[in-house]
Amino acid sequence: MATTIRKAVIPAAGLGSRLLPLTKAIPKEMLPVGDKPVIEHTVRELVASGITDITIVVSGGKNLIQDHFRPNPALVAQLRADGKSAYADAVEEVGELSRLGHITYLDQHGPYGNGTPVLNAARNFGDEPMLVLWPDDVFVAEVPRAQQLVRAYEATSSPVLALLPMLPAESERYGVPVVKEDLGDGQLRITGLVEKPAPQDAPSAFAAIGGYVITPGIVDELREQTKRWYERREGEIYLTDAINAYASSRAVYGQVIQGSWYDTGNPADYLVAQFASALSHPEYGPLLRGMTRELEGPAGT
């Protein structure tokens, strides 16, 4: 029987260079999507999925993340004294996420690449599997993406990647899985990932869109990568490379996620995420739809 997943890693040490100059002073993880910073969406998803130990891997200049989740009883008391109970409740709830998710912070050390923060966090996790979610993704789903991944792991006892269907023309933006077998219910046995292939070379019609269950075997592959890096000091440490090395001889699965995915890592996608969030809001949605109709003018003009 698979070990229940209770731990998760959120790598949040990136520079946010694709969003400069917006991210010059504000960490990209703290940019708002709706009425919450984007990283809060990820934390809420994990807490709603039963995760009780969240490690956020950070770098210099990320103190705003810690400040956001840190409980602030003095501010709550002041808001209540001023009769602003709704605001006090909202601030208190964010602080409660830190307790529910037992959020801890870890400074990133080691070679550049998205595998390094996973390896940093894994040193505190022993032989337990972990979830890895990026802090600039927003998933809207009836069943949280993290919970869908956990269920897939419990069914397979193997590493799992979050997948979504993609159009052929989109293949050059994503890692595309090599599918060995379709097991039904959105579960696929895969033998690796091809990074950003041309449409004619894409091995499947699915994209790996961020979200992983990582097992100790993949952590071992990351350690080997890092060892080789220190011998040559070339390139970066990629989680995809570790997954491919593992999948060459052992089972890896993809889970097609039910829900809507919004990436906020570049300006266009960030605007789409903002607009989608606002449209779904009970107060802001009708306002924006009305404004859009006014801008479009009468039908046929």
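Which residue forms a salt bridge with Glu29? In this predicted model, where local features need pLDDT of at least 70, side-chain atom pairs count only at pLDDT 80 or more and totals for chains, interfaces and linings use all residues, the partner is Lys62, with the closest N and O atoms 2.8 Å apart. Glu29 lies in the loop between S1 and strand S2 (32-33) and Lys62 in the loop between strand S4 (53-58) and helix H2 (63-69), so the pair ties together parts that are 33 residues apart in sequence. Helices (H or I, at least four residues) and strands (E, at least two) are DSSP runs, numbered from the N terminus. Both Glu29 and Lys62 are buried, that is, under 20% relative accessible area, with exposed meaning over 50% and partly exposed in between (1.4 Å probe, protein chains only). Residues are numbered from 1 along each chain as its sequence is written, and side-chain values use heavy atoms, with hydrogens and water left out.

The structure holds 16 salt bridges, each defined as a side-chain nitrogen of Lys or Arg within 4 Å of a carboxyl oxygen of Asp or Glu. One of them joins Arg145 to Glu45 at 2.9 Å, N to O. Arg145 belongs to helix H6 (residues 145-156) and Glu45 to helix H1 (residues 38-48), so this pair connects parts 100 residues apart in sequence. Arg145 is buried at 0% relative accessible area, and Glu45 is buried at 9%.

Salt bridges with shared partners also join Lys7, Asp53 and Glu128 into one network. Within it, the closest N and O atoms of Lys7 and Glu128 are 4.0 Å apart. Lys7 is buried, at 14% relative accessible area, whereas Glu128 is partly exposed at 29%.
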